[in-house]
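This report goes through sheets, helix packing and a few single residues. Keep the sequence and the 3D view at hand.

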Amino acid sequence: MQDFDVVIIGGGPIGIACGLEAKKQGLTYVIIEKGPIVNSLFNYPINMQFFSSSEKLEIDDIPFISKEAKPKRNEALEYYRRIVTSNQLNIHLFEKVLDAEQKAASFNIKTDKDTYKAKNVIVATGFYDLPNKIHVPGEDLPKVSHYYKDPHFYASQKLAVVGASNSAIDAALECWRKGAEVTLIIRGPEVGQRVKYWVRPDIVNRIEEGSIKAYYNATVKEITESEIVVNTPQGEVTLANDFVLALTGYMPNFDFLEKLGIQLSEDGKRLPTYDPETMETNVPGLFLAGVICGGMETHKWFIENSRIHAPIIMKAIKQKNGLGR
């Protein structure tokens with residue numbers, strides 16, 4: 001069994017930042033990631049452009065140079081990959097953590113490939129793995145997806161996009177521009193206010209001119225092989241349909257957090273318990289970093305405002321355990 005000062009669960013930007021800081025502070029560490037480097041970013045839409053500018057996505061003061069002020073997915077993949085390889089970070093890829101059991105003053109971390117021992121564990125797993133389901137008949141049909149990758153796939157198809165956030169609006173516009181017949185199904189009265197400011201006028205204009213049909217204050221009732229049934233204020237509407245993109249957001253793996261013993265709030269937000277001064281949870285030696293700190297409020301924490309978690313955590317670990325340099 002390998003023994004470390006810190007095991008970092010999650011190899012996204014914040015997990016990488018924690019690894020960099022651990023190395024800088026002379027702590028022994030390993031990052032365990034169930035997919036490739038920055039797995040969530042890899043699974044973003046192929047043409048996605050970040051809301052944040054490149055300097056706000058930087059970690060450890062390593063410059064992020066992009067062609068435009070707001071970088072695209074491929075540039076972010078290159079940036080974070082180069083950080084991992086250039087700094088020779090100890091990262092184990094395509095390895096899934098199954099459990100982290102606390103025994104005395106340390107943890108036993110079990111994965112699908114190995115077992116590790118660590119004095120401290122950092123959970124930096126984000127929230128992109130579990131989609132918010134819409135819970136309607138037909139949601140499990142092969143034509144329905146909660147993830148969007150490439151607009152070419154939907155060319156010349158009747159596509160329903162469920163949602164009004166950045167992911168839904170980007171998908172609707174890109175697919176329409178590649179020749180899809182797009183219908184937006186929006187639960188609220190308008191396109192989401194947090195949609196990127198340079199994108200929102202575009203979708204509003206496309207809706208107003210009739211290029212993209214939008215149903216507001218609407219919900220999906222049922223999905224069939226060839227149709228989608230929508231509840232609208234004017235009554236039930238049945239539309240011919242080839243594919244459905246249900247882009248209604250994602251959530252952290254709360255079952256995993258609870259399995260680790262982390263207490264979650266019971267107000268619907270499911271906020272995990274932690275000390276913002278140290279990022280340590282109610283479980284001694286177990287820390288949180290990144291967007292997972294926001295529970296269901298997934299819009300509160302981003303790379304740009306949670307990259308500070310890495311130095312906070314490593315400082316707390318050194319003070320608590322007397323480790324490192």
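## The antiparallel sheet

Three strands form an open sheet in the order β12-β13-β14, and their pairing is antiparallel. This is a predicted model. β12 and β14 (235-240) stand at the edges. Each has a single partner strand, so one side of each is left without a neighbour in the sheet. From one strand to the next, the twist averages 25°.

Take the pairings in turn. Strand β12 covers residues 219-223, and strand β13 covers residues 227-232. They run antiparallel and are joined by 4 bridges. The two strands form a hairpin, with 3 residues between them. Within this pairing, E222 stands opposite V229 of β13. β13 also pairs with β14, again in the antiparallel sense, over 6 bridges. There, V230 has V237 of β14 as its bridge partner.

## The parallel sheet

A further open sheet has 5 strands. Its order is β8-β15-β9-β10-β11, with parallel pairing. The edges belong to β8 (144-145) and β11 (213-215). Each of these has a single partner strand, so one side of each lacks a neighbour in the sheet.

Inside this sheet, strand β9 (residues 158-162) pairs with strand β10 (residues 181-185). The pairing is parallel and runs over 5 bridges. K158 stands opposite E181 in β10. Helix α4 (residues 166-177) packs on the sheet. It touches β9, β10 and β15 (243-246). The direction of α4 makes about 165° with that of β10.

## Helix α4 against helix α5

Two packed helices are described by the angle between their axes and the distance between the axes. For α4 and α5, the angle is about 55° and the axes are 10 Å apart. That makes α4 oblique to α5. The crossing of α4 past α5 is left-handed.

Which residues meet here? On the α4 side they are I169, A172, L173, W176 and R177. On the α5 side they are D202, I203 and R206. By class, the contact has 5 nonpolar, no polar and 3 charged residues.

Is D202 buried or exposed? Its relative accessible area is 19%. The cut-off for buried is under 20%, so D202 counts as buried. Leaving aside neighbours within four places in sequence, D202 is in contact with L173 and R177.

## Helix α1 against helix α3

Helix α1 (residues 13-24) packs with helix α3 (residues 73-86). The angle is about 25°, and the axes are 11 Å apart. The two helices are therefore roughly parallel to each other. α1 passes α3 in a left-handed crossing.

P13, I16 and L20 of α1 make the contact with Y80, I83 and V84 of α3. By class, this contact has 6 nonpolar, no polar and no charged residues.

## A buried loop residue

A289 lies in the loop between β17 (286-288) and α7 (303-306). Its relative accessible area is 1%, so A289 is buried. What does A289 touch, leaving aside its neighbours within four places in sequence? Its contacts are I14, C18, I122, V123, A124, H309 and I313.

A289 and Q25 are 264 residues apart along the chain. Their C-alpha atoms are separated by 17 Å.

## Positive phi in two loops

Two residues other than glycine are taken up here. D60 has a phi near 55°, a positive value. D60 lies in the loop between α2 (39-42) and α3. Its relative accessibility is 35%, so D60 counts as partly exposed.

M279 has a positive phi too, near 70°. Where does M279 lie? The loop between α6 (254-259) and β17 holds it. With a relative accessible area of 2%, M279 is buried.

Notes. Residues numbered from 1 in each chain as written. Predicted model: local features only at pLDDT ≥ 70, side-chain atom pairs only at ≥ 80, totals over all residues. Heavy atoms only, no water. Axes fitted to C-alpha atoms, helices over the stretch in contact; angles between N-to-C directions. Parallel < 35°, antiparallel > 145°, perpendicular 65-115°, else oblique. Left-handed = near helix turned anticlockwise from the far one by under 90°. Contact = heavy atoms within 4.5 Å. Nonpolar A, V, L, I, M, F, W, Y, C, P; charged D, E, K, R; others polar. Pairing = 2+ DSSP bridges. Buried < 20%, exposed > 50% of the residue type's maximum accessible area, 1.4 Å probe, protein only.
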